[in-house]
Amino acid sequence: MPESQNIEYKSSWRDEYLRWICGFANANGGSIYIGKDNSGAVVGVKDSNKLMEDLPNKITTILGIVCDVNLYTTEQGEFIEIVVEPQPNAVSYKGEYHYRSGSTKQELKGAALDKFLLKKQGKHWDSVPVLNVTVADLKSETFDFFRKRGVKSKRLDQDTLTDSNELLLENLQLTENNFLKRAAVLLFHPNPEKFVTGAFIKIGYFESDSDLIFQDEIHGNLFEQVEKTMELLFSKYIKAIIGYEGKFRVENYEYPYDAIREAIHNAVAHKDYTGGIPIQISVYKDKIMIWNFGQLPENWTLNDLLHKHSSRPHNPDISTAFFRIGYIEAWGRGMYKMKKQCIEANLPAPTLSANGQDFWIVFNKELDLTALNLNNRQLDAIKFFKGKGEIVSSEYATRYYITVRTATTDIAELVEKGLLVKEGTLKTTKYYFR
């Protein structure tokens, strides 16, 4: 068995391997085997009896935890297994904090260490109190805006209109021991960048990846950033196609307004503000790309986001305020709504990508199928089934008078080319449009 998230092999013991035990304890636990090579083959361990006495004492004394230490005897020799349970509290090795990620160990420092320690305390970055900021320093106009929009969205009671700013913040749980939380500063302060570097949005119009034609920066608190960004995008960056319904002039934008708005709301609410980098929106003649510094929830894939999922906000306090004002959903339906709105506007569903802490959502005007070498059935299926949002192989076979096997082959090619996402197995398999 190869090394993995929960398994580490060492041919002999060194005290520095206490760092590996620390990493397992701070992550999801695991086992370290002493007396095995990198492939897991037994090579034997020397002084096994002494190690069986020393290791439990060193682990407890230096790391402050208790681990099971087991000795096994085989024909190839003896080896020791150290079983490390995940710990509810942060574990340090002489002041260093290590963490097991994949099959490697990393030392946590800076912002990563801050987030880890907060997580172990059951807190999030946006819930940390900020010193030397009072309610009087916040923007009263933003409180008025929040109340009116929250009542209009029916997520705040009418009585909220007469609540004091202090009571409103308390009810939103944006205070702690008479201090304002980071979320309160980002949401209501006139200049949150004074406290959080990079807390703003950049928009640029590009002729190509290297040719920036014009750009804007949007500053202010998060509510102001959302409103100003949407106003700029749909007045300066996104074209409106003029049409008429009877005698009335109608403006139809190139992209569905609500889908873009949902994407902006999510980017602002779920951004990792420890990165110190602004949200960046790149507008091209054929697409809009929204970049954010952030990451997926632990153990999630992009496919989890594409369908209805549990709500796992990166910044719970900011997200709660955004929910109360009607900006975001609380049930993980944001991506589903954006996808549905794009399809209803006869546009491709938005695409997602996540690489490290680079998170992108891309809206395209058209889906270029000419370069994909699709057959006529596949081209027709994309148009016909798009409105339904999914394809089932039996329905595909019936529509084109082919066998289910041929239908499955056609659909598999659409999955391979990134047009569909497969979900389920055997008879329950469905294919959803990206």
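**Close-up views of a predicted model**

**View 1. Helix α8 and its buried residues.** In α8, A259, I260, R261, E262, A263, I264, H265, N266, A267, V268 and A269 are buried. The model shown here and in the other views is predicted. Of the 14 residues of α8, 11 are buried, so the rest of the structure largely encloses this helix. Helix α8 covers residues 257-270. At 1.5 Å a residue it should span 20 Å, and its end C-alpha atoms are 20 Å apart, which agrees.

View 2. R147 and D144 form a salt bridge, with their closest N and O atoms 3.4 Å apart. Both belong to helix α4, residues 140-152. They are three residues apart, so about one helical turn separates them. An α-helix has 3.6 residues a turn, so residues three or four places apart point the same way. R147 is buried at 5% relative accessible area. D144 is partly exposed at 40%.

View 3. The side chains of R149 and E227 meet at 3.5 Å, N to O. R149 lies in helix α4 and E227 in helix α7 (residues 222-237), so this pair ties together parts 78 residues apart in sequence. Both partners are partly exposed: R149 has a relative accessible area of 25%, and E227 has 23%.

View 4. K181 and D317 form a salt bridge through their side chains, 3.5 Å from N to O. K181 lies in strand β9 (residues 179-181) and D317 in helix α10 (residues 316-324), so the pair ties together parts 136 residues apart in sequence. K181 and D317 are both buried. Elsewhere, salt bridges with shared partners join E8, K10 and R100 into one network. The count of salt bridges comes to 18.

**View 5. Nonpolar cores.** The largest nonpolar core has 67 residues. L187, L233, I281, I290, F322 and F363 have the most contacts inside it. Apart from neighbours within four places in sequence, L233 is in contact with I203, I238, I260, I264, I281 and V283. A second, separate core has 23 residues, including L18, L51, I82 and Y93. I260 and I264 are also among the buried residues of α8.

View 6. The whole structure holds 22 aromatic pairs. F188 and F223 form one that is edge-to-face, at 5.6 Å centre to centre and 65 degrees between the planes. F188 lies in helix α6 (residues 182-188) and F223 in helix α7, so the pair ties together parts 35 residues apart in sequence. F188 is buried, with a relative accessible area of 0%. F223 is buried too, at 1%.

**View 7. A tilted aromatic pair.** The ring centres of F234 and Y257 are 4.7 Å apart and their planes meet at 50 degrees, so the pair is tilted. This pair links distant parts of the chain, with F234 in helix α7 and Y257 in helix α8, 23 residues apart. F234 is buried at 8% relative accessibility. Y257 is partly exposed at 35%.

**View 8. An aromatic cluster and two charges over rings.** F143, F145, F146, F188, F223, F322 and Y327 form one aromatic cluster. K10 lies over the face of W20, 4.3 Å from the ring centre. The charged end of K36 sits over the ring of Y33, at 4.6 Å from its centre.

Definitions and conventions
Residues are numbered from 1 along each chain as its sequence is written. This is a predicted model: local features need pLDDT of at least 70, side-chain atom pairs count only at pLDDT 80 or more; totals for chains, interfaces and linings use all residues. Side-chain values use heavy atoms; hydrogens and water are left out. Helices (H or I, at least four residues) and strands (E, at least two) are DSSP runs, numbered from the N terminus. The expected span of a helix is 1.5 Å times one less than its number of residues. Buried means under 20% relative accessible area, exposed over 50%, partly exposed in between (1.4 Å probe, protein chains only). A salt bridge is a side-chain nitrogen of Lys or Arg within 4 Å of a carboxyl oxygen of Asp or Glu. A nonpolar core is a set of buried Ala, Val, Leu, Ile, Met, Phe, Trp, Tyr and Cys residues joined through side-chain atoms within 4.5 Å. Contact means heavy atoms within 4.5 Å. Rings of Phe, Tyr and Trp (its six-membered ring) pair if their centres lie within 6.5 Å; planes under 30 degrees apart count as stacked, over 60 as edge-to-face and the rest as tilted. A charge sits over a ring if NZ of Lys or CZ of Arg is within 6 Å of the ring centre and within 35 degrees of the ring normal.
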